[in-house]
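This report describes a single protein chain in terms of its pocket, its sheet and its backbone. Please keep the sequence and the model in view while reading.

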Amino acid sequence: MLILTIRTDKPEAEIGLYVDETKLKYEIWTAHRQLAETLHTKIYDLLTNQKKDWSDIEGIICFKGPGSFTGLRIGLTVANALAESLSVPIIGAQNNDWQERGIQALLDGQNEKLVVPDYGSPVHITLPKS
């Protein structure tokens, strides 16, 4: 099973490509405020460098938090949209072993269908000042 992993909870974003438990390629970059502009390109480059295409993805694992409000929203939106459009299972995981947990869940046939972020505390959204 070809698995894409995505982590976007901090300024350094991470993506990986696995075949079952075997890591093919992993990339970390400082995305910070350019995450929305760089994430799709980084995933595309990761796939093409491994001679793979979007349609080769068979499962997605994403880090669901806690972490940056905006980073998690961007990463999980991309992950959920990809899973839906490719009709592949998706798993959201937490803690330091998030990848291992997610891979095992996918290999066990689990599918969350939609991953919701865990920000670690209630979200505080303020009204615009103008």
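The largest pocket has a volume of about 220 Å³. A pocket is an open set of points on a 1 Å grid over the protein atoms alone, where a 1.4 Å probe fits, with protein on both sides within 12 Å along at least five of seven lines, and lining residues have an atom within 4 Å of a point. The lining comprises 13 residues, of which H32, R33, S68, T70 and G71 are the closest to the centre. Helix 1 (35-49) and helix 2 (69-86) are the elements that give two or more residues to this lining, and helix 2 gives the most, with three residues. Helices (H or I, at least four residues) and strands (E, at least two) are DSSP runs, numbered from the N terminus.

The model is predicted: local features need pLDDT of at least 70 and side-chain atom pairs count only at pLDDT 80 or more, while totals for chains, interfaces and linings use all residues. Residues are numbered from 1 along each chain as its sequence is written, and side-chain values use heavy atoms, with hydrogens and water left out.

The sheet is open and holds five strands in the order 3-2-1-4-5, with mixed pairing; two strands pair if DSSP finds at least two bridges between them. Strand 3 (22-30) and strand 5 (90-93) each have a single partner strand, so one side of each is left without a neighbour in the sheet. On average, neighbouring strands are turned by 15° against each other, direction ignored.

Angles run from 0 to 180 degrees between N-to-C directions, with axes fitted to C-alpha atoms, for helices over the stretch in contact.

| Helix | Strands touched | Angle with strand 4 (59-63) |
|---|---|---|
| Helix 2 | strand 1, strand 4 and strand 5 | about 170° |
| Helix 3 (residues 98-107) | strand 1, strand 2, strand 3, strand 4 and strand 5 | about 150° |

Strand 1 (residues 2-7) runs antiparallel to strand 2 (residues 12-19) and is joined to it by six bridges. The two form a hairpin with four residues between them. Within this pair, L2 stands opposite V19, and I6 has I15 as its bridge partner. Strand 1 also runs parallel to strand 4, through four bridges, with T5 opposite I61.

Is strand 1 enclosed or open? Six of its six residues are buried, so strand 1 is largely enclosed by the rest of the structure. Buried means under 20% relative accessible area, exposed over 50% and partly exposed in between (1.4 Å probe, protein chains only). L2, L4 and I6 lie on one side of strand 1, and I3, T5 and R7 on the other. In a regular strand the side chains alternate between the two faces of the sheet.

Most residues other than glycine have a negative phi, and most peptide bonds are trans. The peptide bond from G65 to P66 is cis, with omega near 0°; P66 is in the loop between strand 4 and helix 2. K51, in the loop between helix 1 and strand 4, has a positive phi of about 55° and is exposed, with a relative accessible area of 76%. K113, in the segment after helix 3, has a positive phi of about 65° and is likewise exposed, at 62% relative accessibility.

Key
Points joined across faces, edges and corners; volume = space filled by probe spheres on them. Contact = heavy atoms within 4.5 Å.
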